[in-house]
Amino acid sequence: MRKQFLTVLIIILGLQGYSQTAFKKGYIINNSSKKIECLIKDLDWRNNPTKFEYKLNEDANVKIGTLATVKEFVIAEETKYVRFKGDIDRSISTDNINMMKYDKDPIFREEKLFLKVLLEGKSNLYQYHSESLTRYFYKTENGDIEQLIYKKYKVEEHKIAENTRYKEQLWRDLKCSDISIKTFNSLDYKKNDLINFFIAYNECYNSEFIRYRKKRKEGLFNINIRPGMNNSSLHIHNSLVSRSANFGKKISFRMGVELEYVLPFNNNKWAILFEPTYRSYESEVEFNYFQTITNPINFKVDYTSIEFPVGVRYYSFISDNSKLFFNGSYALEYVISDSVKSSGGSQSPVLDIKTSGNLSFGAGYTFKNKFSAEFRFSIPREVLGNYVFWSSDFKNVSLILGYTIFSNKKNRG
């Protein structure tokens with residue numbers, strides 16, 4: 001089961017790199033300082049990119065912009081990156097004292113990077129972020145871009161200190177009568193603190209400025225009706241008498257109401273799910289339970305429940321109207337009717353059904369954010385958990401149709 005879960009998880013995560021993301025209006029500045037209006041693929045980068053995709057119009061071929069060919073690019077007046085060639089300190093950035101060095105000075109090396117513009121005006125603020133490193137840069141009105149220096153270092157085996165030279169840099173280059181020395185001394189090396197400082201500096205000189213940031217998005221909430229069909233089977237076994245019964249595959253109706261919250265980041269690719277679902281399984285079989293009795297016993301199973309799956313979903317966009325999705329969920333259930341009964345008299349077993357949590361994985365297609373179809377596979381589960389000598393194997397696959405009856409589309413951003 002663990003291998004199946006990991007396989008599906010790897011597939012879902014792997015699709016993130018291949019799924020379509022919207023091309024948005026923007027522009028690039030090439031090496032000739034020419035501004036070219038275009039459509040840029042917005043990947044909402046967590047780490048600063050080294051390249052990006054763009055095309056000149058909807059029907060044009062996709063081109064690749066790189067550090068070698070593009071000076072800057074802007075997406076929808078919300079995101080801006082500029083090319084920078086200069087020094088960056090990549091000393092280990094960590095709170096783990098065991099990994100810190102005793103050297104307080106930055107270790108610079110020259111690199112070519114795309115820096116994210118946070119604020120642009122009389123003085124500019126930039127950010128560079130990778131998996132384990134965040135550095136801020138600034139530029140004065142007539143100066144070049146340079147790094148704001150901050151570094152934690154070890155002074156004794158169990159004692160650390162901070163190099164806060166960025167405060168001196170800002171005091172030297174961005175003084176203003178309305179900004180007190182106390183403001184510089186208390187300024188933290190954090191994104192919002194630095195942005196607020198640069199806003200104050202530009203306002204101090206009555207300078208117009210642009211703060212680049214994504215328009216705030218709220219999560220998208222959907223309510224979906226989810227009828228469908230289950231194809232279920234049950235096999236039980238008694239290890240004491242070495243007897244088994246196979247109740248076979250049965251088609252039954254299922255009905256679910258799915259509450260879906262699409263998370264407001266990564267271009268609405270991820271969602272959290274909760275889907276209370278009615279389901280049932282009924283079957284009969286002749287079962288030779290006692291070796292000494294020639295006539296088989298008639299066994300009947302009645303298994304009806306309401307499942308409560310909680311899961312995650314990943315969307316892979318094909319076009320504005322079409323998208324694939326992949327989800328995994330873990331379900332607990334409330335059993336309504338729960339017995340395996342026999343007609344063999346007082347000595348014949350009557351078994352109560354008791355289940356545990358269950359994993360399931362699904363893949364499907366959504367059209368116009370309204371209609372959907374999904375194929376779902378559930379990991380085989382034990383339904384006779386109360387018994388020592390009895391074991392079971394309940395399997396289920398589902399075909400599920402969906403229709404969205406409510407969606408707060410106005411918050412899509």
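Is serine 186 buried, exposed or partly exposed, and what is its relative accessible area? Serine 186 is partly exposed, at 48% relative accessible area, where buried means under 20%, exposed over 50% and partly exposed in between (1.4 Å probe, protein chains only).

The model shown is predicted; local features need pLDDT of at least 70, side-chain atom pairs count only at pLDDT 80 or more, and totals for chains, interfaces and linings use all residues. Residues are numbered from 1 along each chain as its sequence is written, and side-chain values use heavy atoms, with hydrogens and water left out.

**Figure 1. Overview of the protein.** The secondary structure comprises four helices and 23 strands; helices (H or I, at least four residues) and strands (E, at least two) are DSSP runs, numbered from the N terminus. Of the 413 residues, 45% are buried. Contacts (heavy atoms within 4.5 Å) between residues at least 6 apart in sequence join residues at least 24 apart in 61% of cases. The accessible surface, from the Shrake-Rupley method with a 1.4 Å probe, is about 22,700 Å², and carbon and sulfur atoms account for 52% of this area.

Figure 2. Serine 186 is placed in the loop between helix H3 (181–185) and helix H4 (191–204). Lysine 167 is 19 residues away from serine 186 in sequence, with 8.9 Å between their C-alpha atoms.

**Figure 3. Salt bridges of lysine 80.** A salt bridge is a side-chain nitrogen of Lys or Arg within 4 Å of a carboxyl oxygen of Asp or Glu, and the count comes to 24. Lysine 80 pairs with glutamate 120, with the closest N and O atoms 2.8 Å apart. This pair links distant parts of the chain, 40 residues apart: lysine 80 belongs to strand S6 (residues 79–89) and glutamate 120 to strand S7 (residues 108–120). Glutamate 72 also forms a salt bridge with lysine 80, at 3.4 Å between the closest N and O atoms. Glutamate 72 counts as buried because its relative accessibility is 18%, and lysine 80 is buried at 6%.

**Figure 4. The salt bridge between arginine 313 and glutamate 258.** These two side chains meet with an N to O distance of 2.8 Å.

**Figure 5. A nonpolar patch on the surface.** The patch is formed by Val257, Leu259, Phe274, Tyr278, Phe308, Val310, Tyr334 and Ile336, with about 690 Å² of accessible area together. Patch residues have over 30% relative accessible area and no salt bridge; nonpolar side chains (Val, Leu, Ile, Met, Phe, Trp, Tyr) are joined within 5 Å, and like charges within 9 Å. S15, S18 and strand S19 (322–342) each supply at least two residues of the patch. Phenylalanine 274, found in strand S16 (residues 270–274), is partly exposed at 31% relative accessible area.
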